[in-house]
Amino acid sequence: MKMYETTSYWSEISAVESTVTSDQFWAAIKIWNDRPHIINRRLLAVEVLKKFRVENQKLDTVVSFLTESMKTSTLSDSKIALNESHIEKILNDCPNLLTDDSSHDDFNVESKSVVCEIRKLLPRHRNHQEHTFELSVFDESHNQVTYIRIHPATSEHSISPNCNFRLKFSNGMFVLSVGLEASKSKDKCSIYNETEASEVGMEDPKYDFLKKHLLPKLVHWAENITHTGSVKSSLQLVPVNKYCLLYQNLKDKYGKLFVEIWPERTDPSKFVFEDIAIATYLILLWNETKQRFVDLGCGNGLLVYILTCEGHQGYGVDVRPRKIWDLYSKVGSAVKPDLRIGTITPSDMTLYSNTDWLIGNHSDELTPWVPVFAAKSSYNCNFFLLPCCPFEFNGQKYQRKDPSCSRYMEYISYIKTISEQCGFNVRIDKMRIPSTKRVCLIGSTRSCSKEDYNNVIERIDVMIKDKCAAGDDSELDFRPRASVEKVTNCTQVDKNIVSSIVSIVTRELLSETPELLSAVSDNETDMGGSEVDCSGKQVNFGRNKANLNQTDNSNNKTWNAGKTIALNDLAKIIPKEHLVYIKKEGKGLLTLLRNHHHIFEVKNGNVCFRIPLPVDKGETNSSIKSKPCWFYNHHPDSCLLDEAHCKFQHVRVEGS
């Protein structure tokens, strides 16, 4: 039996030993097959054009026919990309050899046949990278999967390995092999022949991705998989190929523009492209038909702006405006998004009867209410939810109940249950966004009939009262976010309390005076600290003492650097009422101490003094010499540095 023309023989280039089972091997392969973009950052997604089954004895003939036919079809008209109809036509010309396998979701097939997939790899940057077509052959009986590159054969800007390769699990080993051309004296061999021992290509850099990234990652996945169930990939509810095209179009249209003018404190490289991705997803979810929407808790409003520019009618509501709101009418577009300032308080009046979709994009306190609003607004109102911070119906943080799963996934399950109680058939998908919180819930169909709609509304009211547990007016117990964002970084804490805490910490750090360190000569080793040459004076920073030696060594000056104390131990000696107060007004003791980074250093849960360092040569920071030196005023040994080299002013402060 001759092997298909694309590869003549297999050469093993790497192998990794592992204790996993074959089931774990296939589970890892499925992750790679469904989500190759996790490892290969040149890919945006993969689209399966056709899946079918082939008998083992006919595999070589079929693969050879397909690769040649697809290459010919592609090259004959480079302007027409291969699609599902082209593939179908090619397969029809290969009679009696193929069995359709589109109904199967796994690779577990009969031992006398293998599953094949024709896949289209979609590039992340389509402007200078082209689509790649490959044929994947999943052979469970031999525990191996083979990837055959169909078109283009090679590419300077390739988005996938420029070779055919095979992954096999045998005798506790993950084996990686590549397809090489045979020499003139070597006959072509079958896909089932054993891999030959060869050093050809072992050090070829074009195999680095396979050896250094793909193979180790597959082993890691296999060894850490706790179940063999299917792993859901992202973008399951929208066509991936259309998503890639539309996302790139919207990215070109809005991405660079808003990254450059972004006035918010948030990172534009995250939030701009996240909203572009969400807009892409929604447009495709809506089958590219115009929809009426309301974005509840719209934040920066960019999602509303993009959807409006793309022809959809809607508005966004948030408790406070953002700086970017004023720029939307100045970016050259004739479209001005409808962004409204308002507090959304759940009640029977909070209805959106003329709306097709309610959007909850990181809507926080409103998250559990969104499916309720959609259900009560009308029978035809749908919702899209992308939860982030977990909140209950009353605006309080959601309390975790199941330690066996993550808090985030437990909350997703909780919101799904609520949505189902509101009469929705809920679908869950994963977004392709730069965020760890990317699971979305979609309610676009009802589990109840129109005739039963009023009964569902009554059951929703009972559910809300039960969840809030606050009497007949439980909905009014909801606590909306304040219109003025509360400062929670401890900068607004009462100055007297701050001064008291700083004094307590200082006293504790200086409470144990260590033995004075002797002068350090040039031939003595440093004590583990750093050395700074400060205008003829050498400063050696040890763990407990810093030694300042005059150049003539006539005098020794020692400076108490204090001890190191655990943050938990400090919390025990600070008055409880102080801790309760700063926790209420800010984030706690850790944040307060970090706000005083010119005095203290907090690292790995421990607190110590931050040793004063001299001004670097050429340092022109505007903060230099702008504030009095705390050590000069409060440390018993004054400042370690003289005024000429200290970053702060050596002036006495009243009351110090």
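This is a predicted model: local features need pLDDT of at least 70, side-chain atom pairs count only at pLDDT 80 or more; totals for chains, interfaces and linings use all residues.
1. Phe 293 has Trp 357 as its bridge partner in β12. The pairing of β9 (residues 292–296) with β12 is parallel and spans three bridges.

2. β12 also pairs with β13 (residues 382–386). That pairing is parallel too, with five bridges. Within β13, Phe 384 stands opposite Ile 359.

3. How many residues of β12 are buried? Five of five, across residues 357–361, and the strand is described as mostly covered. Side chains in a regular strand alternate between the two sheet faces. In β12, both faces are covered. Trp 357, Ile 359 and Asn 361 sit on one side, Leu 358 and Gly 360 on the other, and all are buried.

4. Phe 384 deserves a look of its own. Leaving out residues up to four places away in sequence, Phe 384 touches Trp 357, Leu 358, Ile 359 and Gly 360, among others. Its contacts also include Ile 278, Tyr 281 and Leu 282. Met 431, Cys 440, Leu 441 and Ile 442 are on the list as well.

5. Now the largest nonpolar core. It holds 46 residues, and Tyr 281, Leu 282, Leu 307 and Phe 384 touch the most other members. At least two residues of this core come from each of β2, α5 (240–261), α6 (268–285), α7 (302–309), β12, β13 and β15 (439–446). The largest share is that of α6, with 11 residues. Why does this core lie between domain 1 and domain 2? Because domain 1 (10–181 + 198–224) and domain 2 (290–469) both give residues to it. As background, nonpolar side chains in soluble globular proteins tend to be buried together.

6. Another core, of 39 residues, lies apart from the largest one. Its members include Leu 366, Phe 373, Phe 391 and Tyr 411.

7. Last, a lysine. Lys 50 is in strand β2 (residues 43–55). Is Lys 50 buried or exposed? Its relative accessibility is 15%, so Lys 50 counts as buried; the cut-off for buried is under 20%. Lys 120 is 70 residues away from Lys 50 along the chain, with 9.8 Å between their C-alpha atoms.

Terms used: Residues are numbered from 1 along each chain as its sequence is written. Side-chain values use heavy atoms; hydrogens and water are left out. Buried means under 20% relative accessible area, exposed over 50%, partly exposed in between (1.4 Å probe, protein chains only). Helices (H or I, at least four residues) and strands (E, at least two) are DSSP runs, numbered from the N terminus. Two strands pair if DSSP finds at least two bridges between them. A nonpolar core is a set of buried Ala, Val, Leu, Ile, Met, Phe, Trp, Tyr and Cys residues joined through side-chain atoms within 4.5 Å. Domain bounds come from an automatic or database domain assignment. Contact means heavy atoms within 4.5 Å.
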